[in-house]
Structures are given as structure tokens and as C-alpha cells.
Amino acid sequence: MKGRPKRTPIRSSLKKSSALYSEVKDGIDALEKPHRGYIADVIRSSFADSIDLDKAMHVGHEQENRWDYLLGHTSSGKVIGLEPHSAKQDEISTVIKKKAAAKQQLTEHLKPSARIVAWLWVASGKVHFADTEKARLRLDQNGIKFVGRKLQGKHLPAAKTSSKNNQCKERVS
């Protein structure tokens, strides 16, 4: 008999009735093997769970933009989106559309209190656009952070710590 599913950030964010619930994998197992290389080795074990959102949302959204992954960060208990995508000037609009589509597609799956705290774009090859103020502003306005060629610890949410009155606060890193 199967044991009770682990309480992890993504699993905790999804409604139990969500079809995505069964698609959640432990650690970064949902990421395609080549895509794991976009995460720095030292932080790969920082993730409790993951989901290949692109694959999970394919049926019914074949012609729509789809974000690639959600990752559940263990120490903060937060969920982040990760999009390995070519880093070219003309792809900024595509990545923005992918995020907007993901938010819409996730509406019926996430609990009302759940949210994705960071939408991170990692270059899937060489970076072919300048980190100009205009490009950065456009991404910032759409809640997306371009992290370069590798997701690093500095891009992750701060860990939760307990204060004297036992409330959880995020530590500033």
C-alpha cells in the first residue's frame, strides 16, 4: 500500500482534486535531464518537488504558450517557476506570454492562497541580448527575472526562520 504523499511546496499548493497533483515528482525529477544542467549543482538538492508544467498542461492547451517547470523550494516552502528558453531579444515577448498563459492555466489547479513567488528565465544557450534597462524593465513589469545561464542560490527565496513569538518570517539574504 502506498504511503501518504509527502507534504512539499508544490503538492501543498495544488488542490487535491487537481489533475496536476499526480504529475508532481520528488526533487528535480520532473526536469528533463539536459534541463537539470541549468540549475547550479550546489542547489539541486534544495528542491523538494517539481513538475513539468509544459508536459502536464499539453493536453487541452496544445496551441497555447506553456511555462516549462515549477519547483518547490524546500527551506522557504515556496514555489518558483523556471523557464529554460533561448535568450534572444525577440524571445522576451514569448517568455512573457508563457508566464501569462501559465497563470491562467494554473487557476483551476492552485488553492486560492497559493502563489508562485518567482518566475525565473534561464538561458538555454548563449545569451543573445544585452541586459539593457529596457529589457530588464519589460521583464520586471511582467514579474519575470532573467537569471542568466544558471539558476543560482542567490535567485532562490529566503529560508523561513522562527522569531521569538514563533511566527515565520523570511530572512533577508
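**Exercise 1.** Locate E108 and decide whether E108 is buried or exposed.

*Solution.* E108 sits in the loop between α4 and β5. Helices (DSSP H or I, at least four residues) and strands (DSSP E, at least two) are numbered from the N terminus. The relative accessibility of E108 is 60%, so E108 counts as exposed. The cut-offs are under 20% relative accessible area for buried, over 50% for exposed, and partly exposed in between, with a 1.4 Å probe and protein chains only. E108 and S18 are 90 residues apart in sequence, yet 7.7 Å apart in space, C-alpha to C-alpha.

This is a predicted model: local features need pLDDT of at least 70, side-chain atom pairs count only at pLDDT 80 or more, and totals for chains, interfaces and linings use all residues. Residues are numbered from 1 along each chain as its sequence is written, and side-chain values use heavy atoms, without hydrogens and water.

**Exercise 2.** Find which residues make the contact of α4 with α5.

*Solution.* Take helix α4 (residues 92–106) and helix α5 (residues 133–141): their axes come within 10 Å and cross at roughly 10 degrees. Axes are lines fitted to C-alpha atoms over the stretch in contact, with angles from 0 to 180 degrees between N-to-C directions. Next, list the contact (heavy atoms within 4.5 Å). I92, S93 and I96 of α4 meet A135, R138 and L139 of α5.

**Exercise 3.** Identify which residues touch the most other members of the largest nonpolar core.

*Solution.* A nonpolar core joins buried Ala, Val, Leu, Ile, Met, Phe, Trp, Tyr and Cys residues through side-chain atoms within 4.5 Å. The largest has 27 residues; L53, L70, L106 and W121 touch the most other members. α4 gives the most to this core, with five residues.
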